Amino acid sequence: MSKLIISISGVRGIIGQNLTPTVAAQFASAFGTYLLREQKTEKKTVCIGRDSRPSGQMIFSAVAAGLTACGLDVIDLGIVTTPGAGIMLTENNCAGGIVITASHNPTPYNGIKLLLDNGIAPPPATAEKIKQIYNQKEFILTESTKCGKILKNDNTDSVHIEKVLALVDSKKIAQKKYHVILDSVNGAGGRAGVKLLEKLGCKVTKMNYQPTGLFAHTPEPIKENLTELAEQVKIKNADLGFAQDPDADRLAVVDHQGNYIGEEYTLALCAKKVLAENKTDTCANLSTSRMIDDVAASAKVKVIRTPVGEANVAKAMIENNCLIGGEGNGGVIDLRVGPIRDSLVAMAHILGLMAETDLKISELKDSIGSYYMNKTKIPADPENAQKLIQKAIQTFKDAKCDTSDGCRLDFQDGWIHIRTSNTEPVMRIIAETKDKETAEKYLTRIDSIRQEI
Ligand code: MG
């Protein structure tokens, strides 16, 4: 039986094995206890959204029980996108939020993701406190007359879509009458995604639209999982294809010829659009492609790099007054909508860029240029991982080095990022260079360091 994972992003496990109603209720009570005890606020409501997994309602019931038992009221948002849940949290002046999702993990999984009242996941020290309350079962439970209420709210999509539409010139996009195929993988994003695209005047062909949580293909929106979408775009002569992950915070793009554009381009394209209109700095995690640096350089703004993780990027964006930022996995954040990665934001900006420039997605991709990227993971315990990182820094001592998350070594002709995973006993090694040979040159040296250790 696999282990329940409790990390800074909440709990993730397998239904019927380790993610049980007891775990869900107690974890929610731990969060509720934290909010009541530590947050100096009068806010006493937590909103809860969930993706489309069949286990979502069961986990919702348990989580709602855990929170109301502490005396907190709950707003039940139903099946919504993760960014939508984040928006509703702020709109309803909540003390916090919970999203019941296991993101791109397959159907047997589910998870409980926590958000604080600023719409961002708890920082590591806070997450640790909540975990401690959970482990020690130190819940503040209230008496009968003070138990919380559960209220329903069905407005998430409309509030969300309105905020996204405000970012772009809808009329200009609508004039183009783009034909878009949207693959929502039977996750939570189909309904809101289709509504947004229709409001932008697109002809929408729905693919895997029903929010059943029975994913039509492996849900991570990467090339090998989107062959059907790519084919459909070609057959139906569509202008482009969009693919969401099950909780709709990530977006991948397919061009009119059915070519998978790659998730790294999602952020680069959105940044190109936003930075042309607003000269603010931008943020990306250390594993994100240099394409963002190129886009920022032509807009004459800076890129602030952060450790991997949505919360790190969002925090840096707020601190540095950025509008647009995100992660290379197709996760785009526009702070005007909220501090959460958002596939709807990404769709609107990409269509906006196409309409503005009158270019096809393939032409826009070419205008950004390309690099060769290699992502690998190797088994490593924490001690060896540290050794490898230290040795790599010594070996490449002429490189520009950032050690805020493992080490990222920047060279003239590329970079390598070596970091330990938060959730598995592995190291992730990402290399991006101008061509394959250069990447291999660096990776071979890393591999010989590894063998020495
Ligand atoms: Mg996701």
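**Entry 1. D410 and R408.** I looked up this pair and found that the side chains of D410 and R408 form a salt bridge, with 2.8 Å from N to O. The model is a predicted one. I then checked how covered the two partners are. D410 has a relative accessible area of 18%, so with the limit for buried at under 20% it counts as buried. R408 is also buried, at 3% relative accessibility.

**Entry 2. A network.** I next looked for salt bridges with shared partners. Such bridges link K113, D249, E310, E327 and R341 into one network. For the model I noted a count of 32 salt bridges.

**Entry 3. D157 and K195.** I picked out this pair to see which parts of the chain it connects. The side chains of D157 and K195 make a salt bridge at 3.8 Å, N to O. I wrote down the accessibility of each partner. D157 is buried, with 6% relative accessibility, whereas K195 is partly exposed, with a relative accessible area of 39%.

Entry 4. I found an open sheet of four strands, in the order 9-8-10-11, with mixed pairing. Strand 9 (203-207) and strand 11 (251-254) are the edge strands, because each of them pairs on one side only. From one strand to the next the twist averages 20°. Helix 7 (residues 190-199) packs on this sheet and touches strand 8 (179-183), strand 9 and strand 10. The direction of helix 7 makes about 170° with that of strand 8.

Strand 10 (residues 240-244) pairs with strand 11 in the antiparallel sense, over four bridges. I looked up F242 and found that its bridge partner in strand 11 is V253.

**Entry 5. Q175.** Is Q175 buried or exposed? I read a relative accessibility of 62% for Q175, so it counts as exposed. Q175 belongs to helix 6, which covers residues 170-176. I also took a distance from Q175 to C202. Their C-alpha atoms are 9.1 Å apart, and the two residues are 27 residues apart along the chain.

**Entry 6. Helix 9.** How many of the 14 residues of helix 9 are buried? I noted eleven, and the helix is mostly covered. The buried residues are E264, Y265, T266, L267, A268, L269, C270, A271, K273, V274 and L275.

E277 and K273 are four residues apart in helix 9 (residues 264-277), which means they are separated by about one helical turn. An α-helix has 3.6 residues a turn, so residues three or four places apart point the same way. K273 is buried, with a relative accessible area of 3%. E277 is partly exposed, at 42%.

How values were computed
Residues numbered from 1 in each chain as written. Predicted model: local features only at pLDDT ≥ 70, side-chain atom pairs only at ≥ 80, totals over all residues. Heavy atoms only, no water. Helix = DSSP H or I, 4+ residues; strand = E, 2+ residues; numbered from the N terminus. Buried < 20%, exposed > 50% of the residue type's maximum accessible area, 1.4 Å probe, protein only. Pairing = 2+ DSSP bridges. Axes fitted to C-alpha atoms, helices over the stretch in contact; angles between N-to-C directions. Contact = heavy atoms within 4.5 Å. Salt bridge = Lys/Arg side-chain N within 4 Å of Asp/Glu carboxyl O.
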